[in-house]
Amino acid sequence: MRQTVRDSTSGLNEIGRRLKAHRIGRGQSADEIATKLGISRAAVYRIESGGLVKIETLERLASELHTSLASLLGVSIEYHSNAISYFERMRQIEEQSEQVVAHFPPISYLLTSDRYPVHLRKMLTESLPSYIDSNKKALREIDAVIAILDERKTARKMRRLSIINFVTIPEIERWLKLGVVGRFDLPDREVAARRQAARAEVEHLIDLVEGEPMGIQIALLEDTLPNITFQLFRSKQQTCLGLSPFRLGGELPNIRLGLAMVTSDRQAVELYEGLADDLWRHAHKGSDAVRLLRAALDRSGIKRGGRTPAGRLVGIQKRVARST
């Protein structure tokens with residue numbers, strides 16, 4: 001007997017959104033998926049839009065997209081093996097959220113300056129390993145990630161999505177020492193320029209803390225937090241938790257390797273809600289946070305619009321490289 005997913009409208013919509021995120025992550029068009037499964041392109045779009053779908057069709061889709069039926073159904077945990085599908089899923093969930101609590105070091109991309117996408121593309125491009133078979137494909141994937149991130153940032157501004165962003169002083173200091181770089185063997189002059197770019201982002205962060213724009217709260221921590229990032233997506237219906245190894249700066253960036261996950265499991269969400277509450281209680285905010293950020297800028301030795309002396313720059317990079 002054939003089974004059909006007969007869930008609430010919201011449940012079917014979520015299945016469709018997960019399917020679309022995995023499809024985009026695999027770099028496949030609706031036409032390609034339709035051809036491989038022997039269904040029409042309209043059927044693919046209908047499923048992604050929240051239409052009724054047969055279980056056997058979902059099983060075939062899961063197999064084609066290298067995921068599991070449980071992940072598409074959202075039974076427990078969604079797994080994402082590449083950054084494109086994960087960030088697309090974040091974009092979808094944010095559309096339904098009222099508030100996002102994030103630790104995505106060094107700072108949430110949603111709060112970076114308008115200049116940061118250019119720096120991010122440079123970092124991600126220069127971080128590509130030599131064994132990459134198709135540089136063009138890798139660059140397309142980089143552009144796809146940045147396009148999704150920019151779409152998220154635009155949507156946040158339009159919707160005035162509430163954001164609580166945890167930022168750590170150690171991450172900021174490390175960012176200022178390294179600069180917005182994708183590898184350590186850049187010429188001194190280029191590293192100096194990249195450290196200037198990091199300073200500009202920290203100054204932008206200070207402006208946000210001082211300006212207190214509606215819906216944005218920034219909490220500065222003295223703690224060194226785990227490398228894995230976390231985001232809590234709060235809505236009236238439920239809270240989702242996203243955990244990810246992907247990084248967009250601070251240390252060397254990574255959008256290629258690792259496994260990200262999304263879950264609304266009650267225990268996991270409650271544990272991270274408790275962590276967020278504890279971090280918030282111990283965080284520096286407002287003028288206190290500004291004071292600490294300005295002190296970090298002063299310690300960095302990066303002059304506004306200037307350059308770090310070459311000898312000191314080499315020493316800084318060697319020390320950071322040894323500690324990585």
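Q: Which residue's side chain makes a polar contact with the side chain of R91, and at what distance?
A: In this predicted model, R91 is found in helix α6, residues 83–95. Residues three or four places apart in an α-helix point the same way, because the helix has 3.6 residues a turn. The partner of the R91 side chain is the side chain of E95, at 2.8 Å.

Q: Is R91 buried or exposed?
A: A residue is called buried when its relative accessible area is under 20%. R91 has a relative accessible area of 10%, so the word for R91 is buried.

Q: Which residues does R91 touch, not counting residues up to four places away in sequence?
A: Helix α6, residues 83–95, is where R91 is found. With residues up to four places away in sequence set aside, R91 touches K20, I148, E151 and R152.

Q: Which residues is A21 in contact with, leaving aside its neighbours within four places in sequence?
A: Let's turn to helix α1, residues 9–25, where A21 is found. A21 has a relative accessible area of 0% and is buried. Its contacts beyond the neighbours within four places are H80, S85, E88, R89 and Q92.

Q: How many Å apart in space are A21 and G182, C-alpha to C-alpha?
A: Along the sequence, A21 and G182 are 161 residues apart. In space, C-alpha to C-alpha, the value is 26 Å.

Q: What separates the C-alpha atoms of R234 and E98?
A: R234 is found in strand β7, residues 229–234. R234 and E98 are 136 residues apart along the chain. R234 also touches E98, along with other residues including S97, Q99 and V101. The C-alpha atoms of R234 and E98 are separated by 5.9 Å.

Q: Which side chain is joined to that of R234 by a polar contact of 2.5 Å?
A: R234 is partly exposed, with a relative accessible area of 22%. Among the residues that R234 touches are I164, T239 and E273. The polar contact of 2.5 Å joins the side chain of R234 to that of E273.

Q: What is the distance of the polar contact between the side chains of D278 and R281?
A: D278 lies in helix α11, residues 266–282. With a relative accessible area of 32%, D278 is partly exposed. The polar contact between the side chains of D278 and R281 has a distance of 3.2 Å.

Q: Which elements do the buried residues of α7 pack against?
A: The buried residues of α7 are Y116, P117, H119, L120, M123, L124 and E126. They pack against α8, α9 (169–178) and α10 (188–211).

Q: Which peptide bond is cis, with omega near 0°?
A: Most peptide bonds are trans, and this one is worth a look. P106 is found in the loop between β4 (99–103) and α7 (116–126). The cis bond runs from P105 to P106.

Q: What phi does H66 have, although it is not a glycine?
A: Most residues other than glycine have a negative phi. H66 is found in the loop between α4 (55–64) and α5 (69–73). H66 counts as exposed, at 57% relative accessibility. Its phi is positive, at about 55°.

Q: Where does R160 lie?
A: R160 is not a glycine, yet R160 has a positive phi of about 55°. At 57% relative accessibility, R160 counts as exposed. R160 lies in the loop between α8 (135–159) and β5 (162–168).

Q: What radius of gyration does the chain have?
A: A compact globule of 324 residues would have a radius of gyration near 20 Å. The chain agrees with that, and its C-alpha atoms fill a box of roughly 75 × 45 × 30 Å along the principal axes. The value for the chain is 21 Å.

Q: What percentage of contacts between residues at least 6 apart in sequence join residues at least 24 apart?
A: The chain has 13 helices and 9 strands, and 52% of its 324 residues count as buried. Among contacts between residues at least 6 apart in sequence, the share joining residues at least 24 apart is 77%.

Q: How many Å apart are the mean positions of the positive and negative charges?
A: The chain exposes about 15800 Å², of which carbon and sulfur atoms supply 50%. There are 50 positive and 40 negative charges. Their mean positions are apart by 4 Å.

Notes:
Residues numbered from 1 in each chain as written. Predicted model: local features only at pLDDT ≥ 70, side-chain atom pairs only at ≥ 80, totals over all residues. Heavy atoms only, no water. Helix = DSSP H or I, 4+ residues; strand = E, 2+ residues; numbered from the N terminus. Rg over C-alpha atoms; globule rule 2.2 N^0.38 Å. Buried < 20%, exposed > 50% of the residue type's maximum accessible area, 1.4 Å probe, protein only. Contact = heavy atoms within 4.5 Å. Areas by Shrake-Rupley, 256 points an atom, 1.4 Å probe, with all protein chains shown as cover. Lys, Arg positive; Asp, Glu negative; His and termini not counted. Charge placed at Lys NZ, Arg CZ, Asp CG, Glu CD. Polar contact = N/O pair within 3.5 Å; in protein donor to acceptor, adjacent residues only side chain to side chain.
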